[in-house]
Amino acid sequence: AQTVTQSQPEMSVQEAETVTLSCTYDTSENNYYLFWYKQPPSRQMILVIRQEAYKQQNATENRFSVNFQKAAKSFSLKISDSQLGDTAMYFCALGGAGSYQLTFGKGTKLSVIP
Amino acid sequence: GAVVSQHPSRVICKSGTSVKIECRSLDFQATTMFWYRQFPKQSLMLMATSNEGSKATYEQGVEKDKFLINHASLTLSTLTVTSAHPEDSSFYICSARVGLAGMLQETQYFGPGTRLLVL
(Lines give C-alpha, C1' and ligand atoms only; values in the text may rest on other atoms or scores of the structure.)
Protein backbone atom coordinates (compact mmCIF):
# COMPACT_ATOMS: atom_id res chain seq x y z
CA ALA A 1 0.00 0.00 0.00
CA GLN A 2 1.09 3.54 -0.69
CA THR A 3 1.05 6.25 1.96
CA VAL A 4 1.66 9.99 1.89
CA THR A 5 2.30 11.99 5.03
CA GLN A 6 2.14 15.74 5.38
CA SER A 7 3.15 16.56 8.93
CA GLN A 8 2.30 20.27 8.86
CA PRO A 9 -1.47 20.87 9.05
CA GLU A 10 -1.04 24.64 8.87
CA MET A 11 1.72 27.07 7.99
CA SER A 12 2.03 30.77 7.44
CA VAL A 13 4.55 32.92 5.64
CA GLN A 14 5.07 36.62 5.12
CA GLU A 15 4.53 37.95 1.64
CA ALA A 16 7.73 37.82 -0.46
CA GLU A 17 9.34 35.31 1.88
CA THR A 18 10.16 31.66 1.22
CA VAL A 19 8.37 28.69 2.72
CA THR A 20 8.90 24.93 2.52
CA LEU A 21 6.13 22.36 2.83
CA SER A 22 7.08 18.83 3.86
CA CYS A 23 5.93 15.54 2.43
CA THR A 24 7.12 12.00 3.00
CA TYR A 25 5.82 8.92 1.28
CA ASP A 26 6.10 5.19 1.17
CA THR A 27 5.75 2.88 -1.80
CA SER A 28 7.06 -0.47 -2.87
CA GLU A 29 7.12 0.48 -6.53
CA ASN A 30 10.27 1.41 -8.38
CA ASN A 31 8.52 3.56 -10.96
CA TYR A 32 6.28 6.28 -9.59
CA TYR A 33 5.64 9.98 -9.76
CA LEU A 34 4.96 12.70 -7.25
CA PHE A 35 2.83 15.81 -7.39
CA TRP A 36 1.99 18.91 -5.48
CA TYR A 37 -1.53 20.19 -6.01
CA LYS A 38 -2.91 23.48 -4.76
CA GLN A 39 -6.54 23.94 -3.70
CA PRO A 40 -7.46 27.60 -3.17
CA PRO A 41 -10.73 28.69 -1.55
CA SER A 42 -12.49 28.12 -4.88
CA ARG A 43 -11.70 24.40 -4.27
CA GLN A 44 -10.37 23.91 -7.82
CA MET A 45 -7.43 21.52 -7.64
CA ILE A 46 -4.50 22.99 -9.55
CA LEU A 47 -1.35 21.12 -10.48
CA VAL A 48 1.66 22.96 -9.11
CA ILE A 49 4.55 20.67 -9.96
CA ARG A 50 5.32 17.06 -10.82
CA GLN A 51 8.38 14.85 -10.45
CA GLU A 52 9.18 11.50 -12.00
CA ALA A 53 10.96 9.20 -9.57
CA TYR A 54 13.54 8.14 -12.13
CA LYS A 55 14.73 11.71 -12.57
CA GLN A 56 17.42 12.85 -10.18
CA GLN A 57 17.06 16.50 -11.07
CA ASN A 58 14.60 18.39 -8.91
CA ALA A 59 11.63 19.84 -10.78
CA THR A 60 11.08 23.60 -10.86
CA GLU A 61 8.18 25.72 -12.07
CA ASN A 62 8.85 29.43 -11.74
CA ARG A 63 8.65 30.21 -8.00
CA PHE A 64 7.95 26.59 -7.08
CA SER A 65 10.63 23.95 -6.70
CA VAL A 66 10.91 20.59 -5.03
CA ASN A 67 13.58 18.84 -3.02
CA PHE A 68 13.23 15.20 -4.00
CA GLN A 69 15.20 12.83 -1.79
CA LYS A 70 14.42 9.37 -3.16
CA ALA A 71 16.36 7.36 -0.59
CA ALA A 72 14.67 9.22 2.24
CA LYS A 73 11.31 9.14 0.44
CA SER A 74 10.92 12.84 0.92
CA PHE A 75 9.34 15.35 -1.48
CA SER A 76 9.22 18.87 -0.11
CA LEU A 77 7.86 21.94 -1.91
CA LYS A 78 9.59 25.30 -1.73
CA ILE A 79 7.68 28.43 -2.60
CA SER A 80 9.86 31.47 -3.19
CA ASP A 81 8.72 35.09 -3.14
CA SER A 82 5.37 34.08 -1.65
CA GLN A 83 2.35 35.92 -2.98
CA LEU A 84 -1.10 36.43 -1.50
CA GLY A 85 -2.52 34.22 -4.23
CA ASP A 86 -0.48 31.32 -2.90
CA THR A 87 -2.85 31.08 0.06
CA ALA A 88 -4.41 27.63 -0.30
CA MET A 89 -4.42 24.03 0.80
CA TYR A 90 -1.48 22.16 -0.64
CA PHE A 91 -1.72 18.42 -1.21
CA CYS A 92 1.18 16.11 -1.88
CA ALA A 93 0.23 13.12 -4.03
CA LEU A 94 1.89 9.88 -5.08
CA GLY A 95 1.06 7.97 -8.23
CA GLY A 96 2.12 4.45 -9.12
CA ALA A 97 2.84 3.24 -12.61
CA GLY A 98 0.39 0.37 -12.37
CA SER A 99 -3.01 1.66 -11.29
CA TYR A 100 -2.67 5.34 -12.25
CA GLN A 101 -4.44 6.20 -9.00
CA LEU A 102 -3.17 8.97 -6.77
CA THR A 103 -2.68 8.71 -3.04
CA PHE A 104 -3.06 12.08 -1.34
CA GLY A 105 -1.67 13.42 1.88
CA LYS A 106 -3.97 15.20 4.33
CA GLY A 107 -2.86 18.59 3.14
CA THR A 108 -1.14 21.67 4.52
CA LYS A 109 -3.06 24.90 4.82
CA LEU A 110 -0.77 27.74 3.81
CA SER A 111 -1.59 31.35 4.65
CA VAL A 112 0.41 34.17 3.08
CA ILE A 113 0.35 37.21 5.33
CA PRO A 114 0.59 40.67 3.79
CA GLY B 1 -4.39 22.66 -22.32
CA ALA B 2 -5.69 19.77 -20.18
CA VAL B 3 -8.91 21.43 -19.06
CA VAL B 4 -11.57 19.44 -17.25
CA SER B 5 -15.07 20.78 -16.76
CA GLN B 6 -17.70 19.63 -14.34
CA HIS B 7 -21.42 20.33 -14.34
CA PRO B 8 -23.30 21.40 -12.35
CA SER B 9 -21.08 23.34 -10.00
CA ARG B 10 -23.73 23.32 -7.30
CA VAL B 11 -26.93 21.37 -6.82
CA ILE B 12 -29.57 21.26 -4.13
CA CYS B 13 -32.03 18.40 -4.20
CA LYS B 14 -34.65 16.75 -2.06
CA SER B 15 -33.99 13.51 -0.26
CA GLY B 16 -34.84 10.51 -2.41
CA THR B 17 -34.11 12.11 -5.76
CA SER B 18 -31.23 11.26 -8.10
CA VAL B 19 -28.57 13.69 -9.20
CA LYS B 20 -26.27 13.40 -12.21
CA ILE B 21 -22.87 15.07 -12.35
CA GLU B 22 -20.98 15.34 -15.62
CA CYS B 23 -17.22 15.43 -16.05
CA ARG B 24 -15.73 16.38 -19.40
CA SER B 25 -12.20 16.61 -20.70
CA LEU B 26 -12.34 19.59 -23.05
CA ASP B 27 -9.11 19.44 -25.02
CA PHE B 28 -7.86 15.90 -24.64
CA GLN B 29 -9.10 12.34 -24.58
CA ALA B 30 -9.15 10.64 -21.23
CA THR B 31 -9.21 6.88 -21.16
CA THR B 32 -9.38 7.01 -17.40
CA MET B 33 -11.33 9.35 -15.14
CA PHE B 34 -11.55 9.34 -11.39
CA TRP B 35 -14.26 10.41 -8.97
CA TYR B 36 -13.41 11.78 -5.55
CA ARG B 37 -15.36 12.94 -2.56
CA GLN B 38 -14.08 15.64 -0.25
CA PHE B 39 -15.47 16.51 3.16
CA PRO B 40 -14.81 19.96 4.66
CA LYS B 41 -11.20 20.51 5.65
CA GLN B 42 -10.24 17.01 4.60
CA SER B 43 -8.30 15.44 1.80
CA LEU B 44 -9.71 13.84 -1.33
CA MET B 45 -11.14 10.36 -0.99
CA LEU B 46 -11.10 8.26 -4.15
CA MET B 47 -14.52 6.77 -4.84
CA ALA B 48 -14.00 5.03 -8.14
CA THR B 49 -11.91 4.70 -11.26
CA SER B 50 -13.77 5.00 -14.53
CA ASN B 51 -12.42 3.55 -17.77
CA GLU B 52 -13.98 4.32 -21.13
CA GLY B 53 -16.16 1.50 -22.35
CA SER B 54 -15.93 -0.65 -19.24
CA LYS B 55 -17.38 -0.87 -15.77
CA ALA B 56 -16.04 1.41 -13.10
CA THR B 57 -13.87 0.07 -10.31
CA TYR B 58 -15.12 1.16 -6.91
CA GLU B 59 -13.07 1.63 -3.78
CA GLN B 60 -13.84 -0.38 -0.72
CA GLY B 61 -16.84 0.95 1.14
CA VAL B 62 -18.32 2.83 -1.83
CA GLU B 63 -21.76 1.53 -2.85
CA LYS B 64 -21.74 0.97 -6.58
CA ASP B 65 -25.54 0.84 -6.74
CA LYS B 66 -25.78 4.21 -5.09
CA PHE B 67 -23.02 5.95 -7.03
CA LEU B 68 -23.53 4.96 -10.65
CA ILE B 69 -20.65 5.80 -12.96
CA ASN B 70 -20.81 5.79 -16.73
CA HIS B 71 -17.85 6.51 -19.01
CA ALA B 72 -19.45 6.37 -22.42
CA SER B 73 -16.86 8.30 -24.39
CA LEU B 74 -13.24 9.38 -24.16
CA THR B 75 -14.30 12.84 -23.04
CA LEU B 76 -17.27 12.25 -20.75
CA SER B 77 -17.87 10.46 -17.48
CA THR B 78 -20.98 10.82 -15.35
CA LEU B 79 -21.64 10.16 -11.69
CA THR B 80 -25.24 9.62 -10.64
CA VAL B 81 -26.08 9.74 -6.97
CA THR B 82 -29.22 7.64 -6.72
CA SER B 83 -31.86 8.13 -4.02
CA ALA B 84 -29.77 10.83 -2.42
CA HIS B 85 -29.89 11.34 1.32
CA PRO B 86 -28.54 14.16 3.50
CA GLU B 87 -25.45 12.12 4.34
CA ASP B 88 -24.54 12.18 0.64
CA SER B 89 -24.10 15.94 0.85
CA SER B 90 -20.50 16.64 -0.02
CA PHE B 91 -18.09 18.08 -2.58
CA TYR B 92 -17.55 15.75 -5.52
CA ILE B 93 -14.52 16.17 -7.76
CA CYS B 94 -13.60 14.39 -10.96
CA SER B 95 -10.22 14.12 -12.60
CA ALA B 96 -9.02 12.94 -15.96
CA ARG B 97 -5.77 11.17 -16.61
CA VAL B 98 -3.43 12.37 -19.30
CA GLY B 99 -1.08 9.59 -20.04
CA LEU B 100 1.28 8.63 -22.77
CA ALA B 101 3.02 5.32 -23.22
CA GLY B 102 4.60 4.25 -20.00
CA MET B 103 4.90 6.95 -17.43
CA LEU B 104 5.76 9.96 -19.53
CA GLN B 105 3.49 12.90 -18.81
CA GLU B 106 1.30 10.80 -16.50
CA THR B 107 -0.80 13.43 -14.78
CA GLN B 108 -4.32 13.90 -13.47
CA TYR B 109 -6.16 17.14 -14.12
CA PHE B 110 -9.12 18.04 -11.98
CA GLY B 111 -12.54 19.47 -12.59
CA PRO B 112 -13.76 22.41 -10.50
CA GLY B 113 -15.97 20.21 -8.34
CA THR B 114 -19.68 19.92 -7.60
CA ARG B 115 -21.18 20.88 -4.29
CA LEU B 116 -24.15 18.65 -3.53
CA LEU B 117 -26.62 19.50 -0.79
CA VAL B 118 -29.41 17.04 -0.07
CA LEU B 119 -32.27 18.41 1.99
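# Pockets, pairs and angles

Me: Which residues lie nearest the centre of the second largest pocket, and what makes a residue part of a lining?

Reply: The second largest pocket is lined by 14 residues, and nearest its centre lie A:Q101, A:L102, A:T103, B:L46 and B:E59. A pocket is an open set of points on a 1 Å grid over the protein atoms alone, found with a 1.4 Å probe and having protein on both sides within 12 Å along at least five of seven lines, and a residue belongs to the lining because it has an atom within 4 Å of a point. The model is predicted, with pLDDT of at least 70 needed for local features and 80 or more for side-chain atom pairs, whereas totals for chains, interfaces and linings use all residues. Residues are numbered from 1 along each chain as its sequence is written, chains are lettered from A and ligands numbered from 1 in the order in which they are written, and side-chain values use heavy atoms, leaving out hydrogens and water.

Me: How much space lies in the second largest pocket, and which strands each supply at least two residues of its lining?

Reply: The space in the second largest pocket comes to about 250 Å³, a volume being what is filled by probe spheres set on grid points that are joined across faces, edges and corners. At least two lining residues each come from β11 (102-104) of chain A and β5 (44-51) of chain B, where a strand is a DSSP run of E with at least two residues, numbered from the N terminus.

Me: What space lies in the largest pocket, and how does its lining divide by class?

Reply: The largest pocket holds about 500 Å³ of space. It is lined by 22 residues, of which A:Q39, A:M89, A:K109, B:K41 and B:Q42 are the closest to its centre, while β10 (88-96) and β12 (108-113) of chain A are the elements that give two or more residues to this lining. Its residues divide into nine nonpolar, seven polar and six charged, because Ala, Val, Leu, Ile, Met, Phe, Trp, Tyr, Cys and Pro count as nonpolar, Asp, Glu, Lys and Arg as charged, and the others, Gly among them, as polar.

Me: Why is A:Q51 called buried?

Reply: The relative accessibility of A:Q51 is 1%, and buried means under 20% relative accessible area, with exposed over 50% and partly exposed in between (1.4 Å probe, protein chains only), so A:Q51 counts as buried. A:Q51 lies in strand β6 (residues 46-52) of chain A, and among the residues it touches, leaving aside those up to four places away in sequence, are A:Y32, A:L34, A:N58 and A:F75, a contact meaning heavy atoms within 4.5 Å.

Me: What makes the pair A:D26 and A:K73 a salt bridge?

Reply: The closest N and O atoms of A:D26 and A:K73 are 2.9 Å apart, and a salt bridge needs a side-chain nitrogen of Lys or Arg within 4 Å of a carboxyl oxygen of Asp or Glu, so the pair meets the definition. A:D26 in strand β4 (residues 24-26) and A:K73 in the loop between β8 (64-69) and β9 (74-79) of chain A are 47 residues apart, and the pair links distant parts of the chain. A:D26 is partly exposed at 38%, and A:K73 is partly exposed at 26%.

Me: How do you know that B:K66 and B:D88 tie together separate parts of chain B?

Reply: Their salt bridge has its closest N and O atoms 2.9 Å apart. B:K66 lies in the loop between β6 (57-58) and β7 (67-73) and B:D88 in the loop between β8 (76-81) and β9 (90-98) of chain B, so the bridge joins parts that are 22 residues apart in sequence. B:K66 is buried at 12%, and B:D88 is buried at 4%.

Me: What makes the phi of B:K41 worth a remark, and where does B:K41 lie?

Reply: Most residues other than glycine have a negative phi. B:K41 is not glycine, yet its phi is positive, near 60°. B:K41 lies in the loop between β4 (32-38) and β5 of chain B, and its relative accessible area of 84% makes B:K41 exposed. A:K73, likewise not a glycine, has a positive phi of about 55°.

Me: Why is the peptide bond from B:H7 to B:P8 called cis?

Reply: Its omega is near 0°, and the bond is cis. Most peptide bonds are trans. B:P8 is found in the loop between β1 (4-7) and β2 (10-13) of chain B.

Terms used:
Helix = DSSP H or I, 4+ residues; strand = E, 2+ residues; numbered from the N terminus.
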